[in-house]
Each structure stands twice: as structure tokens, then as C-alpha cells.
Amino acid sequence: MRKLGILALLGTLPLLAACGDTVGEQALFGGAAGAVGAAAVDGDPVVGAAVGAAGNTLYCQQNPGRCR
């Protein structure tokens, strides 16, 4: 079951590149993907949301041409 959760988490990674047009959208999309990914591997969804929001926002701000 743990391997299935890891595969589900890996499946959410492309969602992190779905940036959004504003910093708020970037944080929202990343946070949602992080929470789902954390829940899929029996992690803490709040921590996953925080990491996903920060990671997606940072990625999108550093790579604006890749986020659309």
C-alpha cells in the first residue's frame, strides 16, 4: 500500500508546474497538490500543503516561462 501512495504522490508532481497567474494561485495550486500528496503517503496534509505552496510559488517565480 505504501508503494501505491508513493506512486500517487509522484502523479501529483506535474500539478506543481500548473502555476497560476498570481502568487495566490501559485500557492493554492501547490498547496492542494502537496496536501493530496502527503495524504496519499499517510503524511501530514498540513505540512504537505505548506511545502507544496512554498515549492510551487518558488518554482513559478524562478521559471515564469514554464508556468502556463
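Where is the place of L58? I found L58 in helix 3, where helices (H or I, at least four residues) and strands (E, at least two) are DSSP runs, numbered from the N terminus.

Before going on, I noted that this is a predicted model, in which local features need pLDDT of at least 70 and side-chain atom pairs count only at pLDDT 80 or more, while totals for chains, interfaces and linings use all residues. I also noted that residues are numbered from 1 along each chain as its sequence is written, and that side-chain values use heavy atoms, with hydrogens and water left out.

Entry on the whole chain. I counted three helices and zero strands in the protein, and reading along the sequence gave me the pattern α-α-α. Of its 68 residues, 28% count as buried, which is to say under 20% relative accessible area, with exposed meaning over 50% and partly exposed in between (1.4 Å probe, protein chains only).

Entry on two residues. Is L58 buried or exposed? I looked up a relative accessibility of 53%, so L58 counts as exposed. Q26, found in helix 2, has a relative accessible area of 6% and is therefore buried. The C-alpha atoms of L58 and Q26 are separated by 8.8 Å, although the two residues are 32 residues apart along the chain. Leaving aside residues up to four places away in sequence, I saw that Q26 touches C19, G20, N56, T57, C60 and Q61, where contact means heavy atoms within 4.5 Å.

Entry on helix 2. This helix has 18 residues and reaches 26 Å from its first C-alpha to its last, close to the 26 Å expected at 1.5 Å a residue; the expected span is 1.5 Å times one less than the number of residues. Its buried residues include G30, G34 and A38.

Entry on the packing. How do helix 2 (residues 23-40) and helix 3 (residues 45-62) pack, and at what angle? I read about 140 degrees, with the axes 6 Å apart; axes are lines fitted to C-alpha atoms, for helices over the stretch in contact, and angles run from 0 to 180 degrees between N-to-C directions. The two helices are therefore oblique to each other, since angles under 35 degrees count as roughly parallel, over 145 as roughly antiparallel, 65 to 115 as roughly perpendicular and the rest as oblique. Among the residues that meet, I listed V23, Q26 and F29 in helix 2 and P45, N56 and Q61 in helix 3.
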